[in-house]
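Here is my note on the model, point by point. Please keep the structure open while reading.

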Amino acid sequence: MSRFVLALDQGTTSSRALLFDREGAVVATEQHEFTQSFPQSGWVEHDPEEIWESQLRAARGVLERAQVTAADLAALGVTNQRETAIVWERETGKPIHPAIVWQSRQTAGLCQGLRDRGLEEDIRARTGLVIDSYFSGPKIRFILDAVEGAQARAEAGELCFGTVDSWLLYKLTNGRVHATEYSNASRTLLFNIHEKTWDDVLLGYLNLPRAILPEVRDSSGDFGLTAAQWLGGEVPITGMAGDQQSALFGQGCFETGMAKNTYGTGCFLLMNTGDRPAISDSGLLTTIAWGIGGRVEYALEGSVFVAGAAIQWLRDGLGLIANAAESEAAAHRVAETDGVYLVPAFTGLGAPYWDEEARGVMVGLNRGTTQDHVIRAGLESIAYSSRDVVDCMVTDAGLSLEALRVDGGACENDFLMQFQADMLGCVVERPSVLEVTALGAAALAGLAVGFWTDRSHLEQARGGRTRFEPRLKASERDRLYAGWQQAVARSRGTLAGS
Ligand code: ADP
């Protein structure tokens, strides 16, 4: 009997493979890093073959480590760095260009061209996205322009485009399947999230032929079998989702109004808005969470540019701490920041301010300010910035937030989580198993084959939750948050300018 589900977690810097048992416990993991190329300032590329090889090595490695064979696997699920674009030959599987990574700015000019044509509003209405180099469509255009003859070959159906999920699926099935699923499709700027199809108008804006696109399938369902040569036997591929959506699923945010925040270098917040694609007035993205059983669910997505990175700056820029974890004890050494606010707007401000010109500030210093106050202010800034985004979500979705589920490196900081609960005035829940992104892909795959029969079975997998209850009085919360908003105003130079 099959005892495990294998999850492939193809990230921006490494390829990981994780083996989950029926209780949802992680039995073994394996990880391989791969090369980041920076051919010009602001450009980021990956070698698609290296992505595949590192992912295959991780998958084989984890099976070997756990002494497991393909016959022991009920299913395989894939989660991936989103938006990264790959174009390859349909016949041979050979990429015609390096993968253009989501972070890469090489399509900034193409994006500006779309804006200059006045297409922003129409594109937003159809895709839920803003025109930005992050998204895949302009990256495909870039590749077809960069490689001689590629446009004609694409039109003749000789080329395939895929985000990393499609690429891995194509490789795993030995070229038999060229498909993606709703969450990844919704990040391309080519997918109409209301009609749930590739949109000819959008394709027209970028002069991309439909023949290059993968078929869009449910996120949980049949994607074909792995070719026997890769894992020593055929394994059904039955789950795929982009990393943030996979984390939302892995966190069990199945109901409308449930949200998760991933605290890494930046923060990624997603709120499930159910059958309704909520349109944001504050610049948040509307995206597809997943499609299951023919039913598509939506999410609102917002991010904080600088979160854990602020703590890295306290460590490396100021040398106030030796490692990120030390920040917790420092924050506890003082009862409050005593009026100090740090706004780490190092690269401008995102939602709801959208100010590229803003820069970091520290305000409220007095003669008694110590480094512990500053460190505490750094941690608090992560919670304030997250509240900024949550407030937008709640308003834009017209939903109230019951609880915020958290993951990512910085969520291990209890001080930060308690302050987050205090600042939101709602419960923050941290699962004891933090591999929620991979768990999401495993869950999508395992549910499709009946390995798990019910989503609630996965609750166990998250291993119970630590709950942080809000303790702060509303008046105190409002006072502190008002101070944050004033500090943000200063980072934007509104005081200097007024
Ligand atoms: P990413 O996936 O973006 O690389 P991770 O999820 O690995 O990020 O989290 C690492 C980030 O979290 C770093 O920016 C680090 O400064 C921050 N971090 C890690 N542990 C803590 C901690 N205990 N307290 C505060 N910040 C932390």
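1. Basis. This is a predicted model; local features need pLDDT of at least 70, side-chain atom pairs count only at pLDDT 80 or more, and totals for chains, interfaces and linings use all residues. Residues are numbered from 1 along each chain as its sequence is written, and side-chain values use heavy atoms, with hydrogens and water left out.

2. Domains. The protein splits into domain 1 (4–235) and domain 2 (252–431 + 464–498). These bounds come from an automatic or database domain assignment. The C-alpha centres of domain 1 and domain 2 are 30 Å apart. Contact (heavy atoms within 4.5 Å) involves 18 residues from domain 1 and 19 residues from domain 2.

3. Buried area. About 1400 Å² is buried between domain 1 and domain 2, and carbon and sulfur atoms give 53% of it. Buried area is the accessible area (1.4 Å probe) that two parts lose on being put together, summed over both. On the domain 1 side, Arg124, Ile193 and Asp218 lose the most area to domain 2, together 29% of what that side buries.

4. Two salt bridges are counted between domain 1 and domain 2. The term means a side-chain nitrogen of Lys or Arg within 4 Å of a carboxyl oxygen of Asp or Glu. Arginine 82 and glutamate 301 form a salt bridge through their side chains, at 2.7 Å, N to O.

5. Serine 133. Serine 133 sits in the loop between α3 and α4 (136–146). Helices here are DSSP runs (H or I, at least four residues), and strands are runs of E, at least two. Is serine 133 buried or exposed? Serine 133 counts as buried because its relative accessibility is 2%; buried means under 20% relative accessible area, exposed over 50%, partly exposed in between (1.4 Å probe, protein chains only). Beyond neighbours within four places in sequence, its contacts include Trp102, Cys111 and Lys139. Its C-alpha atom is 7.3 Å from that of glutamine 106, 27 residues apart along the chain.

6. Backbone checks. A cis peptide bond links alanine 351 and proline 352, with omega about -5°. Proline 352 is in the loop between β18 (341–343) and β19 (361–363). Lysine 196, not a glycine, has a positive phi of about 60°. It lies in the loop between β10 (191–192) and β11 (197–198). Lysine 196 counts as partly exposed, at 34% relative accessibility.
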